[in-house]
Structures are given as C-alpha cells and as structure tokens.
Amino acid sequence: MKKLIITFTICLVCAGAGELKAVNYSVASVQQSTPRSIGDGYTKDSRKVYFRGNEVKYAVPGSFRNLGSGYAKDDFAVFYNGVKIPGASVSTFRPTQDGYATDNIRTYYRGKDASKMALPTEDDYPQIAPEGYCIYEGKVYYNAVEMEDADIDSFLGRDFGYAQDAANVYYNGKVFPGAEAGSFECFYFGYAKDAKKVYFNGQEIVNGLPDSFDWVGHGYAKDAERVYYNGQEIKNAVPYSFEVTGEDYAKDSKQEYYKGEPVAGSTGTFEDLGDGYSKDEYKVFYNGKEIEDAMKGSFKILGDGYAVDAMSAYYKGVEIEDASPSMLENLGGGYAEDNNNRYYMGKKVDKEEKENKVDKERVKRKIINSL
C-alpha cells in the first residue's frame, strides 16, 4: 500500500517537470549539508566537521576519520575532543590505551603531552584496588592479589587485561607466555601485538601479520591480508579499502558489515545513523537487517529505539501499528506517544494507567537536559 501511494505521488509531481527539478535540487542541497555521525561525538558534512555540535576548526571533512576515545585525524592534523593537537604526527599517530596515544615523537594522554604531566605516585592509591592492576606500597596487584614476579620499577598497566614490565607481558594478572615485552603494543578492544604475533583477549590470532597489523575502530582490525572482528577473520573482506563507518558498522570496496557480518541487500554508500539504525543509497537497516518499505529520504531517528519516516513509525526496526509518524514523540524510559496513543517499547499501552510514570520520565529528561 505504501509503495502505491509513493508511485501515485510521483506521478502527480511529474505533471510539472520544472517544479520537480526545483524540488529535487532543494532536497539534494539539504542532504548534502546534513551532518552524518562518524562516532564518539563527531559528525561531518561535505564542508565542515563537528564535535558535539561545535565546528572543529582546521579539520578537512574529506579525509577526517574518528580514531576512538576522542581522538581523530585528517590528512593534515590530529584532534582530541574536537581540538587540534599541536605538533602531532599524522602518519604515525595512533591511540594505544585508555586516554593514551602515541606518534613517533611523543606520548599523549587525553590530547596532552604526557611528558609534561605529573605521573601518579603511591600516595595517589589510598588502598589496593579491588579490580584491575594497582601499585601500592611497593607491590603490584591484580584484582587485589599480589603479582610477586612483577618488576615495580618498569611495570606498566595496559588496557583490557594487559600489562607489562621489562621482562614479561601479563594478561589478567598472569605471565603471558610467548609474548615479547620489548616489542609489545596494546590496542583497543582486546587487540595487541609484538614483533612476532598478534593477539586478541590473550589469545594468538593465527596468521595475523604484526608488521602491518592495526586497529581500525570498535571491534575491527586489519593487516595487509585480512580483516578481523573481535579477533575472528572476516572472510573475503578487502583490507586496503576497509574502514569503520560507525559503531559496529564497517565497509570495504565490495560490501558493508555489521558486527563483522555482511549486511544482506546493502548497496552504495553506507551511513550509520546511530541508535542501531543505518542506511545506504536505497534502503534503511536496523542492526544490519533491512527494514522493509522504510523510506530512506524521510527517515529520522527519535532516540531510544524509536524512528519515523513519512509513512510509518518504528521501534528497534519494527513498524508500530497505527502510530502517527508526524506526531510521534520520544518521552524517554522506553515511552513514546502520538496524538492518539501512548507506547512502551513500541507497544500500545493504556494512557491513564501509565500517565504518572510517563510524567516522571518527562520531568527526569528535562532535568538531565538542563544540566
């Protein structure tokens, strides 16, 4: 039925060719200037880059990409939370652990030169940390258990269970057999490597190539011959053209992916809309699954799983029966309403019975937004 209505509408518009050309030009201009999300607060359009709605000065949109944890770069500069990092080397810059990054010149912490920042001392640890690595009163601990063989003078706690000292690499507080401390490097999401091997969550990635291995973003990584998601090879993925397009989404020259799996039926340029939704040149998807009959041109995210197009409303990719898309409002806490009904997690609920809960959620959202 929706497709019949669309066809009828197109026929009416085509009656005036001059008007159609003007309308299409207007829509194209709006789409070209609408920023799209590239993750972690960054968005960009054809002319500018933004971080949390503020323009990122000196950024070049065409080559700008999100590196994760606030870091990003284009062909000319490196940025942290939308601010250019002076003197950072673009070609060698990479995040290494929570808040840290390196290039061939220096180490950075949250975008600042780490060598100019005061390092923590034992006085900064009032007690033995119950979880993770901790140095306290001359000893090294993991999950409050002493690591007797660790060298405190050279010990460095990494991310995702990794650590190292001058002699050993550790994973979850135990010596990691075979890993070389002198060449060990820790990435995000459990990835690591040394001069001979590549690792994910303390396990070797068989056939991984350390010389060319790099973390791409989120759970994705690649080397010269293969692409990986959560340590598993993505069959037939193309490393040289592979890039992350949003949270859980990625693409190469042949295919789009969601959580490492090919997105069936996707074509053209893939765009992450956020909240699990995405679209390409013709279709709209939720968690990598096509939403049948969804209208890409008018599709809009409302948040908390809710979305609308010109003809329908959706909750987590499923059409909400009888909902009015033009009137639907996300109330928070799983609730939404239009001019006729109230919904909870996409299901119609009794208005009076849920009135108090919805009002509380609305007040809570206003308070949060005002902070």
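Is arginine 106 buried, partly exposed or exposed, and at what relative accessibility? I looked it up: arginine 106 counts as partly exposed, at 28% relative accessibility. My cut-offs are under 20% relative accessible area for buried, over 50% for exposed and partly exposed in between (1.4 Å probe, protein chains only).

The model is predicted, so I note that local features need pLDDT of at least 70 and side-chain atom pairs pLDDT 80 or more, while totals for chains, interfaces and linings use all residues. Residues are numbered from 1 along each chain as its sequence is written, and side-chain values use heavy atoms, without hydrogens and water.

Next, salt bridges. I take one as a side-chain nitrogen of Lys or Arg within 4 Å of a carboxyl oxygen of Asp or Glu. By this rule I count 13. Arginine 106 pairs with aspartate 113 at 3.6 Å, N to O. Aspartate 113 is buried, at 17%.

I then checked arginine 94 and glutamate 185, which form a salt bridge at 3.1 Å, N to O. They lie 91 residues apart, in strands S9 (residues 94-97) and S20 (residues 185-186). Strands are DSSP runs of E, at least two residues, numbered from the N terminus. Arginine 94 is partly exposed at 23%, and glutamate 185 is partly exposed at 21%.

Last, threonine 107, in strand S11 (residues 107-109). Threonine 107 is partly exposed, at 34%. Leaving out residues up to four places away in sequence, its contacts (heavy atoms within 4.5 Å) include Tyr100, Lys112 and Asp113. Its C-alpha atom is 9.7 Å from that of alanine 88, 19 residues away along the chain.

Methods. Helix = DSSP H or I, 4+ residues; strand = E, 2+ residues; numbered from the N terminus.
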